[in-house]
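This briefing is meant to be read with the coordinates open in a viewer.

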Amino acid sequence: MILLAFVSNGNARMRARLVGPVRMACLVFSLLMLVLTTGMFFRYFGDVTWMDIGFNEYEFEHKYTWVESLGINWAVGLDALSFPMVWLTTFLLPVTIIATWNEKHGATYFPLLLMMGGALIGVFVSLDLFMFYVFWELTLIPMFFLILKWGGKDRKYASQKFFIYTFTASVVMLLGLITLYFLQDPYSLASSGTMTGRSFSIPELIDNARANNIGDNWYLGAQMQKILFVMLMIGFLVKLPAVPFHTWLPDAHVQAPTGGSMLLAGVMLKMGAYGMFRLPISLFPHALYHFQLALMIIGMVSLVWGAIVCLGQTNLKKMVAYSSVSHMGVILIGIATMQPMGWAAALFMMFAHGIISPMLFAVCGAFKHHYHSMEIGAMRGMAKHSPWLATSMMFAWMASLGLPLLAGFVAEIMMLIALWKMISVDGWSIWWMVGPALVLALTAAYYLWSMQRTIFEGGEDTQPPASMKGHAIPDISNSEKFAMLILALFTIIFGVLPWIALDMMDDWTIQAFEGLIIPLLKGGA
Amino acid sequence: MVAGTGTDTIIDSELMQFAPLIILLPMLAFPVILFLGRVFNRNPFWKDTMKEGGIIALVVMASSLIISLLLIKDHLGGFASMKDSVDFLWLNSSVYESGNLTSISFGFGIYIDHITVMLLFVASFLCLLINIFSIGYMNTDPINDNRNHRFYAEFVLFCSGMLGMVLADSFLWLFIFWEIMGLCSYLLIGFYYEKPSAAYAAKKAFLTTRIGDVFLIIGLVMMWDMFGSLDYDVIFSAVEDETFMAGVSSSTLQWALGLMFIGAVGKSAQFPLHVWLPDAMEGPTPVSALIHAATMVNAGLYLVARMFPFFGSEYLQHDLVDLAFIIALIGGITAVMAAAIAFVQHDLKKVLAYSTMSQLAYIFTGLGCAMFLANTLDWQTDADAHYIVIVAFGAALFHLFNHAMAKGMLFMASGSVIHEVHHAHHHLHHHDDHHDDHGDHDEGHEEEFDAQSMDNMGGLASKMPLTATAMLVGSASIMGLPLIGGFWSKEGIIANAWRVALEDPRFFLPAMCVLVGAAMTGFYMSRMWLKTFAGKPKTEVAAHVGQTNTWIKIPLFVLTFVTLSAILFAGMGFTHWAPDSEYGLLSEKNLFDGIAYEMSHAFANGDTFFFILTYVAIAIGAVLGPGLALSLYGGSLAEGEKVKPWMKPIIRLNAWVYDRYNFDNQAIANSGLSRALENRLYFDHYYDMAMLKIVAGFSDKSAETDKNVVDGVIKKIETGTQSISKVVRSMTTGSARDYILMVAVGTLGIFFLLWGVA
């Protein structure tokens with residue numbers, strides 16, 4: 001019920017016209033949502049600890065029949081996998097609204113953000129394949145308009161590329177989902193529809209798959225499982241994005257407005273990773289093992305290639321966009337380690353990157369807003385002219401390069417440990433360690449290099465960049481300062497006390513391993 | 001009970017519950033100072049009374065020092081280690097191994113043993129003194145006005161990182177605080193952010209150490225994999241456990257330790273990752289004193305010292321010899337290389353930077369040799385072997401102590417000189433302006449004049465007596481003049497290097513390096529002192545230098561005493577570098593026994609070889625090197641200048657040697673070797689080239705590839721689809737005849753399809 005309300009709020013606000021009240025209303029609604037999810041965490045609404053829920057079991061479940069004959073239900077629910085993502089979305093919405101408080105055409109902009117948030121939450125809470133797909137595609141629409149209307153010079157190209165690219169991939173995924181639907185044993189599931197005898201219910205599908213994925217027994221047969229795994233993964237890998245499907249991201253980010261970028265990097269990319277955990281991994285663990293090496297290679301390539309390309313960028317926002325590609329590689333590697341710790345690292349990376357990357361893009365947005373240029377080196381000596389922006393930038397950059405006691409480091413060290421465990425236990429080559437090691441140094445290199453040319457240097461006689469046309473150089477506005485402070489604060493909180501979020505993620509991975517992987521490895525126990 | 005392993009007993013002290021405050025206080029002061037500084041910027045009270053945050057930092061550091069001292073006092077009794085009961089859980093996770101899920105967790109706690117105690121004292125003591133110095137140095141320079149709060153905030157954060165690293169109870173938290181220090185070092189080197197050279201230096205420092213850190217973190221991960229934990233007490237008791245060690249591959253362990261050692265090489269600026277330290281002198285002088293001389297650069301040594309239990313383990317005997325050799329070798333090479341580069345530097349701080357590098361290298365060599373001894377001798381049961389190992393290990397640690405104290409003082413003294421030269425310059429040209437009313441004159445001169453260059457100094461001994469004395473004592477300590485500070489430890493390091501060289505011929509190289517290095521140290525330290533303080537003023541400015549302020553004098557005065565009385569610390573058994581725990585304030589044998597023991601050990605040990613070696617080292621380090629410098633630099637002071645009585649003999653000796661034996665060294669100064677040394681042996685040049693040509697070039701190519709090839713394929717697909725759709729669109733001719741044809745073709749097609757299926 002609560003979650004239903006979120007989504008409808010987002011849509012209802014669309015119609016209002018005046019910027020001021022709309023903005024306020026959007027902020028209030030997003031804050032309400034934040035209060036709701038935070039209350040859920042602190043067990044104020046519903047006595048749920050988010051621990052020991054059990055694999056494939058959900059809290060706050062609600063189910064309404066939608067299309068009975070096909071077995072489509074409006075089914076929502078939360079578990080320790082989706083809850084952090086939902087919280088993250090509700091956390092980022094007000095922050096994004098505050099950070100881009102003065103965005104033009106506010107009367108449509110802020111409701112679009114909210115609609116985006118609603119769609120994202122929809123993806124995370126869906127327990128029905130059909131609903132999942134509907135929300136999945138629904139996220140494209142506000143993003144498309146955000147880029148198209150508020151974007152930069154090449155916004156038309158970027159928005160179309162973004163839409164068509166990810167949509168094409170989603171269609172492959174959709175085909176996979178439909179195939180999966182029709183391959184079910186008719187009338188085998190409790191909520192199966194009357195006409196087809198099949199169901200779209202995710203929990204029931206997973207249970208069914210689990211019952212069949214034991215020992216050497218493959219659910220739906222080995223060949224079909226591999227095919228479906230690949231089809232679903234294509235949709236998720238493009239969304240993540242992983243090299244070589246990443247090229248829509250820099251274009252979309254560079255052209256997107258700050259708020260769009262913040263949500264895009266903060267939550268939308270994580271849809272891909274979330275989807276992987278929710279569907280292909282939960283349904284087809286055999287195929288996951290089969291494609292472990294492929295995933296590892298894609299992850300490594302994303303990680304290393306993203307970092308190398310970052311170093312060659314001259315556009316600040318493009319660099320940050322590629323750094324997202326690199327960080328998403330960490331998620332893939334974490335999954336491919338097939339260690340609970342690696343999975344927890346992936347989950348925590350989703351979360352940590354969800355806090356850090358909006359800050360990165362907020363900084364980029366402020367940079368663009370104030371200096372009318374995204375080129376690294378357009379503005380030097382920022383520490384003197386805009387100390388707040390310089391401080392925020394330094395903080396965000398440091399958080400992203402994995403400084404200890406900030407959120408990003410936790411995921412990185414866990415990934416390294418899990419990777420090494422994989423090397424030592426499963427006998428992988430030691431050379432797999434070279435990629436992450438290289439990237440640890442490269443990441444520092446590109447961030448420091450860009451800081452040297454923006455924050456430092458300049459000095460007393462700095463001329464404002466040509467793009468400023470002789471205007472004085474301002475510092476960031478109060479609302480931007482506030483948003484940065486909040487993001488920085490939470491980066492520190494989750495860096496010093498990662499267990500706040502990590503405990504439930506860790507719990508989920510343990511449940512997933514006990515419920516999913518161990519029956520596979522130990523045979524029919 | 002054995003020193004070094006220190007896991008035999010765990011005592012709980014009531015004070016331990018306050019130990020986290022040592023770290024937390026400065027860490028919390030960081031945002032407070034930053035915030036207050038921003039709010040009250042330019043407020044007269046904030047600026048004059050609070051010294052822009054300096055006083056807050058002072059209070060915080062003083063509290064940290066007091067708690068540290070209380071803890072140290074508690075610990076002085078024995079060799080046992082203390083582990084804190086504070087259980088801060090950082091993260092929990094689990095791994096899947098041989099069919100089972102194993103839960104793992106990382107927490108934070110406090111761990112105190114004899115290595116901690118010494119570094120804790122060094123760090124908290126120097127942090128406080130340098131804080132006092134900073135108030136005198138930073139707040140009196142108009143260039144820092146209204147931004148000193150940033151300095152003090154970053155300063156206290158650094159102190160927090162250093163103290164945290166020392167107190168942490170696991171390698172993981174060592175690494176975490178290690179990185180925090182790296183961040184602060186980066187921020188503080190770039191304190192004068194508007195200077196491109198400072199921005200470059202800051203980046204270089206962070207990146208170079210980061211390369212080491214990457215290896216360190218991989219080493220840690222390997223270590224964790226072997227022991228299932230990174231906590232010291234878990235690992236150190238595991239290496240003494242026979243059944244456990246049977247399952248550990250010693251070569252993997254050696255690799256893990258070796259990778260961790262690379263991290264130490266980066267942090268402690270050893271060859272080949274040494275290039276960042278000289279550039280780091282771009283930071284304000286208190287930063288150079290604290291971070292780049294006295295504390296942070298010791299982190300690498302601390303890490304290596306922490307590895308002692310591995311080398312000392314019975315079950316790893318003779319397995320880690322190669323690593324011990326590499327540690328000693330890196331030390332030996334750096335010691336000589338850095339000393340050679342220091343010969344030709346003109347910048348006062350650069351000389352000290354290379355000297356730091358060289359002295360840290362001594363400690364590495366000392367540690368490497370001690371590790372070798374621990375790894376080859378049966379030291380846990382044999383009393384003689386035990387004695388040798390502990391003395392060797394203690395000598396290296398003691399040198400760390402002496403070097404930190406002396407180098408901190410030297411940097412502060414150099415800061416005091418630079419500060420006053422700068423002021424004199426200002427003063428002088430201010431007067432010039434007054435006379436001839438040239439407004440631009442001052443600014444034009446400002447850029448040419450280098451307040452750090454020793455070529456602009458000379459004859460300051462009479463003008464800054466306390467600074468000159470402090471510098472003299474510090475230099476003597478670094479040179480290893482008998483009875484002063486560094487002498488006690490340096491002799492030990494040289495002797496142990498040779499002891500090991502007699503056992504394993506490979507060690508002959510590092511042993512030779514440290515012996516030759518002693519003479520080189522004698523030369524460049526004397527050269528520095530003489531160029532700065534002796535002879536006649538080389539510039540107008542140097543003739544007008546005045547005395548420094550009280551804030552600067554206090555730490556110089558205190559540290560002069562600490563350096564002179566290093567033997568007392570040794571005699572007290574302060575950090576157990578004496579062979580047994582019987583010497584000490586709280587033990588049965590008193591201070592004088594301790595001193596007598598140290599004296600006899602240093603000057604008259606029974607073995608003929610070591611007896612001769614000791615005097616050879618003294619001869620070249622305290623006579624040959626300085627003698628050469630005396631003949632080349634300095635000379636008598638200007639007419640009418642008076643110096644304090646204790647410096648008189650040195651000035652007289654200098655004048656006598658200079659007049660009699662001065663020779664023309666232009667031929668050497670212009671040689672190719674000298675030029676190469678002035679260019680730091682071209683290391684920086686080639687590293688920069690590698691970065692620029694290979695890394696940057698490759699990444700630029702990659703970025704292009706990504707745009708043209710990876711995205712190009714997508715673009716091809718786009719244009720391809722568009723052209724197909726064009727073809728399709730062209731079919732929409734609007735002519736009814738075409739449509740009928742299409743319908744007919746379509747119908748036929750469907751018909752054949754159905755037929756085929758059927």
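Phe751(B) is located in helix 30 of chain B, which spans residues 736-757. With 10 other C-beta atoms within 10 Å, a count that falls under the limit of 12 or fewer, Phe751(B) is exposed. Its C-alpha atom is separated by 87 Å from that of Glu314(B), a residue 437 places away along the chain. The model discussed here is predicted, and the points that follow should be read with that in mind.

**Confidence**

- For the complex, the predictor reports an ipTM of 0.89 together with a pTM of 0.88.
- Chain B has a mean pLDDT of 81, and 90% of its residues reach 70 or more, although over residues 1-10 of chain B the pLDDT is below 50, in a stretch that has 29 contacts in the model beyond near neighbours in sequence.
- Residues 578-586 of chain B also have a pLDDT that stays under 50, and for this segment the model has 30 contacts beyond four places in sequence.
- Where pLDDT is low, predicted coordinates should not be read in detail.

**Overall shape of chain A**

- Chain A contains 21 helices and two strands, and its C-alpha atoms fill a box of roughly 75 × 55 × 45 Å along the principal axes.
- The radius of gyration of chain A is 22 Å, which agrees with the value near 24 Å that a compact globule of 525 residues would have.
- Of the 525 residues of chain A, 63% count as buried, and among contacts between residues at least 6 apart in sequence, 77% join residues at least 24 apart.

**The side of chain B that touches chain A**

- The contact between the chains involves 44 residues of chain B and 50 residues of chain A.
- On the chain B side, at least two residues each are supplied by strand 3 (88-97), helix 6 (171-189), helix 7 (196-227) and helix 29 (683-731), and the largest share, 15 residues, comes from helix 7 of chain B.
- Sorted by class, this side of chain B has 27 nonpolar, seven polar and ten charged residues.

- By class, the contact between helix 3 and helix 4 of chain A has eleven nonpolar, three polar and no charged residues.
- Helix 10 of chain A (residues 248-255) has eight of its eight residues buried, so this helix is largely enclosed by the rest of the structure; among the buried residues are Trp248(A), Asp251(A) and His253(A).
- The cover over the buried residues of helix 10 of chain A includes helix 6 (140-150), helix 7 (155-183), helix 11 (258-283) and helix 14 (316-336) of that chain.

**Backbone geometry**

- Most residues other than glycine have a negative phi, and most peptide bonds are trans.
- The peptide bond from Leu240(A) to Pro241(A) is cis, with omega near -10 degrees, and Pro241(A) lies in the loop between helix 9 (222-239) and helix 10 of chain A.

**A partly exposed loop residue in chain B**

- Glu641(B) lies in the loop between helix 25 (608-632) and helix 26 (648-661) of chain B, and is partly exposed, with 16 other C-beta atoms within 10 Å.
- Leaving aside residues up to four places away in sequence, Glu641(B) touches Gly459(B) and Ser462(B).

How values were computed:
Residues are numbered from 1 along each chain as its sequence is written. Chains are lettered from A and ligands numbered from 1 in the order in which they are written. This is a predicted model: local features need pLDDT of at least 70, side-chain atom pairs count only at pLDDT 80 or more; totals for chains, interfaces and linings use all residues. Helices (H or I, at least four residues) and strands (E, at least two) are DSSP runs, numbered from the N terminus. The radius of gyration is taken over C-alpha atoms; the globule rule is 2.2 Å times the number of residues to the power 0.38. A residue is buried if 20 or more other C-beta atoms lie within 10 Å of its own, exposed if 12 or fewer, and partly exposed in between; C-beta atoms are placed from the backbone. Two residues are in contact if their C-beta atoms, placed from the backbone, lie within 7 Å. Ala, Val, Leu, Ile, Met, Phe, Trp, Tyr, Cys and Pro count as nonpolar, Asp, Glu, Lys and Arg as charged, and the others, Gly among them, as polar. pLDDT is the predictor's confidence in each residue, from 0 to 100.
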